Amino acid sequence: MTSLETWRTLLSRRSTDEVVTKALVRDVQLPYGAGTMALITLDNGFDHTKPNTFGPNGLFALNGALSEIAERNDLAAVGVTGKPFIFAVGADLKGAAALSTREEALAIGALGHHVFRRLGELAIPSFAFVNGAAMGGGLEVALHCTYRTISSGVPAVALPECFLGLVPGWGGTQLLPHLIGPANAIKLVIENPLSQNRMVKGKEAYELGVADAMFEPADFLEESLRWAARVVKGELAVERPSHEEDWDKTVADARFLVDMKLRGASPAPYRALDLIAQARTASRDEGFAAEDEALADLLMGDELRAGLYSFDLVQRRAKRPAGAPDRSLARKVTKVGVVGAGLMASQMALLFARRLEVPVVLTDLDQARLDKGVGYVHAEVDKLLGKGRVSADQANRLKALVTGSLTKDAFADADFVIEAVFEDMAVKKQVFAEVEAVVSAECVLATNTSSLSLTEMGAGLAHPERLVGFHFFNPVAVMPLLEIIRGAATDDATLATAFAVGKSLKKSSVLVKDAPAFVVNRLLTCFMGEVVTAVDEGTPLEVAEHALDGLGLPMSPFALLQLVGPAVGLHVAETLHEAFPDRFGVSENMAKLVAAGKPGVYGPDFTLDPEAVALFSGGASPSTAEQVRERVLAALAREIRIMLDEGVVAAPQDIDLCMILGAGWPFHLGGITPYLDRAGIAQPRFLPPGVASLPA
């Protein structure tokens with residue numbers, strides 16, 4: 001059998017449920033008498049909410065279209081574009097997860113290479129007209145073409161494979177470094193996926209050199225065809241810069257940064273770096289064969305299944321929060337009040353103004369603090385303007401939306417008021433009493449508390465049913481999680497409004513029961529508490545600090561403490577100790593660190609501060625790194641089991657989602673509960689009712 005027949009036989013079992021992306025071909029007469037272009041439109045027959053993907057049948061369909069085009073001698077060029085708003089977003093992930101043998105995995109990699117490379121090896125030039133989202137294999141289709149145009153309105157260009165535990169396996173690691181240079185290629189292939197799967201927009205992709213020309217969305221295809229006609233006629237020469245950077249050094253520097261971030265925990269980024277390094281000297285055949293081997297290895301690994309589980313949580317469960325009331329109950333929000341004008345409050349004010357596009361008013365105790373808070377917002381808007389994220393008109397409008405007031409009377413016509421004041425119950429009660437005295441009967445009162453009881457906070461209110469927890473994570477604009485907490489009295493209308501606002505803010509919201517420290521801070525405090533206790537007992541701080549490096553967590557424990565601040569960490573520990581004295585302790589040495597005014601155990605140059613380290617000395621029962629790791633994971637498993645039994649969230653998946661989005665639990669580990677299950681630490685396993693197992 002030919003290779004195509006072999007691949008078809010091998011993959012036929014894996015393509016029965018595939019939503020096939022068809023390659024629809026029509027002839028287009030190019031302007032200026034440049035001749036006929038065969039224009040391929042990728043279209044799976046659905047609207048933009050179901051993007052084009054490539055499974056085996058989609059690849060065979062594109063191959064058939066290219067075979068027909070290759071047989072013609074009347075064409076001047078071939079073009080590829082997508083259905084409205086979508087170019088293509090890569091491989092069919094469900095089909096990839098269903099592959100059961102390495103032979104099948106090798107086949108899907110080789111088939112993709114066989115089909116896509118034909119676009120760059122035809123006797124006529126090929127053009128990719130990237131009209132919409134282009135990710136993974138979708139971007140690789142474009143890379144195989146001779147030329148590329150892109151719409152300035154494209155919302156997402158990315159190679160997210162490393163985010164899922166894979167590598168770009170259809171040419172991305174070999175073609176992109178030669179097109180835009182190894183440093184920019186590493187940014188798209190590795191750095192962005194490891195930075196919460198960051199995407200670039202059409203304009204940035206063009207500036208990186210991914211596309212040769214950029215046009216506005218309104219007449220994108222028409223302008224692209226005009227541009228292509230000039231190229232075909234030889235009237236326009238496409239010049240691409242040469243990349244003189246030190247290829248080996250660039251890869252070595254990137255490997256060092258990946259080590260700092262992952263500490264060897266995830267194989268995919270390292271395989272991607274190896275492939276990019278190889279691309280410098282490898283022939284096309286050699287490079288593509290190496291991609292096939294890497295893809296096959298990773299497709300058969302546990303990391304992919306774990307990554308797909310995480311991906312499913314972020315893409316599906318986060319968009320349909322468990323327990324959220326009917327959205328029709330949500331009230332309209334036309335003005336927001338923020339109590340406080342510190343850093344957290346100012347960040348929130350800017351986010352509300354940008355996303356809701358409604359007036360936002362800050363209050364604080366004195367004019368200096370107020371001016372500082374409003375000034376922060378205006379300065380951040382100026383930064384957005386400088387980066388081209390907003391226009392001059394948008395910047396002026398945002399600045400006008402955010403104002404300050406020394407009195408809470410400014411909240412009289414607000415529909416949503418959130419406090420971001422000192423984490424003290426008495427202070428927060430006083431704030432809400434003052435706010436309730438001036439706002440309307442239907443105004444939602446929200447607290448950004450990280451650990452305190454909503455039920456207690458609302459006990460003195462005339463209308464405690466309108467109090468809801470709205471817990472952001474720092475930095476507010478970046479962290480995607482929003483814990484929405486329902487107090488004992490919170491009604492459905494208030495809760496529905498909170499979820500609607502969270503969605504407008506583009507946050508992933510999870511419903512959490514009113515329990516001490518909720519989900520993320522409770523588990524982080526548990527994690528941190530075990531590490532600190534081990535140090536208190538005599539474990540060298542450096543040993544405890546790096547005991548969990550193998551997991552690839554975004555920060556080591558004491559680096560995390562440095563970020564949140566020892567005083568905040570101590571306060572949350574005290575709150576949890578008060579609630580659960582048998583499980584959460586308070587470190588006397590941590591209290592000493594706070595009393596000494598230390599920002600953490602690291603100095604300004606991020607080397608250990610001997611004075612801070614000395615505050616933790618004196619213990620006589622040291623542990624090994626392995627013992628620290630085991631005690632931390634066992635404590636987390638215990639606490640998660642208790643939280644599930646208490647109904648803090650609806651299911652284990654919600655804890656996984658909170659930890660991925662709020663604590664940076666590594667995507668490649670597939671959620672904390674399946675990881676603890678796989679490691680044999682959770683007994684009994686973390687399974688929702690009626691579910692036999694969670695994905696690896």
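The structure is a predicted model.

Let's start with the helix pair. Helix α21 (residues 520-536) and helix α27 (residues 625-646) have axes that come within 9 Å and cross at roughly 150°. Angles over 145 degrees count as roughly antiparallel, so α21 is roughly antiparallel to α27. The crossing of these two helices is right-handed. On the α21 side, the contact involves R522, L523, C526, F527, E530, V531, T533 and A534. Their counterparts in α27 include V628, R631, V632, A635, L636 and R638, with E639, I640, I642, M643 and E646 also taking part.

Three strands make up an open sheet with parallel pairing, in the order β4-β6-β8. β4 and β8 stand at the edges with a single partner strand each, so one side of each is left without a neighbour in the sheet. Two bridges join β4 and β6 in the parallel sense, and I86 stands opposite A133 in β6.

The strands have these residue ranges:

| Strand | Residues |
|---|---|
| β4 | 86-88 |
| β6 | 133-135 |
| β8 | 157-158 |

Finally, which residues of helix α8 (residues 182-191) are buried? They are P182, A185, I186, L188, V189 and I190. What covers these buried residues includes α6 (161-164), α7 (172-180) and α9 (202-208), along with α11 (247-262) and α12 (267-279).

Conventions
Residues numbered from 1 in each chain as written. Predicted model: local features only at pLDDT ≥ 70, side-chain atom pairs only at ≥ 80, totals over all residues. Heavy atoms only, no water. Axes fitted to C-alpha atoms, helices over the stretch in contact; angles between N-to-C directions. Helix = DSSP H or I, 4+ residues; strand = E, 2+ residues; numbered from the N terminus. Parallel < 35°, antiparallel > 145°, perpendicular 65-115°, else oblique. Left-handed = near helix turned anticlockwise from the far one by under 90°. Contact = heavy atoms within 4.5 Å. Pairing = 2+ DSSP bridges. Buried < 20%, exposed > 50% of the residue type's maximum accessible area, 1.4 Å probe, protein only.
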